[in-house]
Amino acid sequence: MFRQISLYLLPVIIFFFACVTAPAQSVNGVILDEPEAVGAFTLTAQDGEAFTQERLKGHWTLLFLGFTHCPDVCPFTLANLEAVRTELSQLMSPDKLPEVVFLAVDPERDEELLADYVKHFGISFTGITGERPEIDKLVESIDGFYRLEKSGPGDDAYDVTHSAAVTVINPDGEITAKISPPFHPFSTATYLARHMRGLPAVN
Amino acid sequence: MTEIGSRSGWIIGTAALVALLGTAVLPAFAGGDHSKHEMTQAAPAIMAMNAFSPASAPGIGTASAYMMLENASGSQADLVDVSSPAFNMVHLHKSSMSNGVMTMAPVAQLTIPAGGKVMFEPGGLHVMLMGPKAPLKPGDSFPLVLSFASGSELEIAVPVTKAGEMPDMSHDHSSMKMN
């Protein structure tokens, strides 16, 4: 009898064990004490339209900074953000879903590829880039960082070191949170859904 | 809500089981249960499992390949080179985050301890692929050759997956099929 019960209990025990041994499922999120407005900038979206801080208003935004030739982290993050949107679509109506904006900080290589690049990951994604000083304004505003690792003028296979975090921006165009990798779609969506409803974070 | 809860449980449970198998139980299984996965591999001591490479966006000449390498032998294996006839340049790389910033560095040699395993995964260890000789799309696959210090080589077929699609680590070994 006891054996039978313990057999049934096994999955439960494994589940609880899994809960304490699976830190990979947690979300590395930081919620700002006070929202901070994104400062003024003028960049261009992949459709050629001007993209300023005003375009961040009226909806939630997940902003990620990277470069199109990024082999590992950027594709993985963008694919995850689309998966996060898919998860979120089960928790809220489509018009409430956050928009994903990819800030391409390597315009020399990014500009002409940007439209195809962002659509590859999410049909609704917006890619923005532009003049270096304008890129830097937005990077500074989100407290981000990047550095082109060019070895010389002829180097066209250079890496770009950059911030890993996704910046969460509210419909007033203010930064409210930052999420760092790993971006597990389900847990990140749950985290965001709570955050967007003004509920305290459960990491 | 219960649906969500149970789903999350499964995901966590699976992750933990995989972790458990990998860390605690694996050495015991190395010569037994896992041997069925060896049959398609050229070098029997090293196994490459769940290899995949997400398709790049159009016009992008960089990509990565991921897998799990398992060393079922009694001695350590040193991976010293990776190559592929499908790309102009192939390097062993590792992404890492420090103070919130992602950096990437080449890895000259990768040691897989006897009876141990090494995981290649997004945001960590990866095979960086540059300059595809022909565009690769989901459903394609390409050969990847892993060369070890011992002189042995392991050639695997890496399937190209859709962005966001990862092999199910718990039971799908389809990526191990050889050409």
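## Contacts, helices and backbone geometry

Biologist: Leaving aside its neighbours within four places in sequence, with which residues is B:S147 in contact?

Modeller: A contact requires that the C-beta atoms of two residues, placed from the backbone, lie within 7 Å. With neighbours within four places set aside, the contacts of B:S147 are B:V80, B:D81 and B:E153.

Biologist: What pLDDT do local features need in this predicted model?

Modeller: Residues are numbered from 1 along each chain as its sequence is written, while chains are lettered from A and ligands numbered from 1 in the order in which they are written. In this predicted model totals for chains, interfaces and linings use all residues, side-chain atom pairs count only at pLDDT 80 or more, and local features need a pLDDT of at least 70.

Biologist: What percentage of the residues in chain B is buried?

Modeller: Chain B has one helix and 10 strands. Among the 179 residues of chain B, the buried share is 33%.

Biologist: Where on helix α4 of chain A do its buried residues lie?

Modeller: The buried residues of α4 (residues 114–121) are A:L114, A:Y117, A:V118, A:H120 and A:F121. Seen down the helix axis, they fall within an arc of 150° (taken from the directions from the axis to the C-beta atoms), so they line one face of the helix.

Biologist: Which elements of chain A do the buried residues of α4(A) pack against?

Modeller: Chain A contains six helices and 10 strands. The partners of the buried residues of α4(A) are α2 (73–88), β5 (99–104), α3 (107–110) and β6 (126–129).

Biologist: How are α2(A) and α6(A) oriented to each other?

Modeller: The axes of α2(A) and α6(A) (residues 185–196) come within 8 Å and cross at roughly 60°; axes are lines fitted to C-alpha atoms, for helices over the stretch in contact, and angles run from 0 to 180 degrees between N-to-C directions. Angles under 35 degrees count as roughly parallel, over 145 as roughly antiparallel, 65 to 115 as roughly perpendicular and the rest as oblique. The two helices α2(A) and α6(A) are therefore oblique.

Biologist: How many nonpolar residues has the contact of α2(A) with α6(A)?

Modeller: The contact is made by A:N80, A:A83, A:V84, A:E87 and A:L88 of α2(A) and A:P185, A:F186, A:T188, A:A189, A:L192 and A:A193 of α6(A). Ala, Val, Leu, Ile, Met, Phe, Trp, Tyr, Cys and Pro count as nonpolar, Asp, Glu, Lys and Arg as charged, and the others, Gly among them, as polar. By class, the contact has one charged residue, two polar and, as for nonpolar residues, eight.

Biologist: Is the peptide bond from A:P181 to A:P182 cis or trans?

Modeller: A:P182 lies in the loop between β10 (174–180) and α6 of chain A. With omega near 0°, the bond from A:P181 to A:P182 is cis.

Methods. A residue is buried if 20 or more other C-beta atoms lie within 10 Å of its own, exposed if 12 or fewer, and partly exposed in between; C-beta atoms are placed from the backbone. Helices (H or I, at least four residues) and strands (E, at least two) are DSSP runs, numbered from the N terminus.
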